[in-house]
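Thanks for coming. I have one structure to go through today, so please look at the screen.

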Amino acid sequence: MATRFEKAFQGLRTTGASVSTHEVVEALNRHGREEAELLQRYRRFIAEAESPGARYLVQLILDDEQRHHRVLEELANTIAWGWTKGVPDEVVPVFPRDGEDGALRAETRALLRHELRDRTQLRRLRRRLRSYGEAPSWGLLVDLMRLDTKKHIDILRFILRHASRR
């Protein structure tokens, strides 16, 4: 079974991609190899660490790193294959630019309002946890959720900006 990066290199050959396209895909592949080594190291850490708290926190990192690796592979395939036939499923889909999807914009706005409320609630929760008990990792976890919420807000704003273009 071919890895997603192998599929990207197949795409470069199939499409007769330019030198600059080869260079970008190779850079993504190089970073992907480094990420793969890091994934193994995190997995080993989780398997060997005696501290349940450390294992829990490092699992959160591993989850993020696995997603990062997948995105690198999908970017490599998208760039390598361009928009030709035979593109593998593992690509970054084209974002629609029709600008007339009212349902998409309405749902995105609703989700954005929720994330903005969530941001405020998490800020309050973080303050509340400071005065409650001796578990410093709780504050860290709420801070991580706040970072994720910021990311969600950025994604939803991106969708709104690009769904409104013609």
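Predicted model: local features only at pLDDT ≥ 70, side-chain atom pairs only at ≥ 80, totals over all residues.

Residues are numbered from 1 along each chain as its sequence is written, and side-chain values use heavy atoms, with hydrogens and water left out.

The protein chain has five helices and zero strands, taking helices as DSSP runs of H or I with at least four residues and strands as E runs of at least two, numbered from the N terminus. Its C-alpha trace spans about 60 × 50 × 25 Å along the principal axes. Of the 166 residues, 28% are buried, meaning under 20% relative accessible area with a 1.4 Å probe, protein chains only; exposed is over 50%, and partly exposed is in between.

Now helix H5, residues 136-163. Its 28 residues should span 40 Å at 1.5 Å a residue, and the end C-alpha atoms are 41 Å apart, which agrees; the expected span is 1.5 Å times one less than the number of residues. Among the buried residues of H5 are Val 142, Ile 153 and Leu 156. Helix H4 (102-130) is part of what covers the buried residues of H5, with contact meaning heavy atoms within 4.5 Å.

Last, helix H3. Leu 75 sits in helix H3, and Leu 75 counts as partly exposed because its relative accessibility is 33%.
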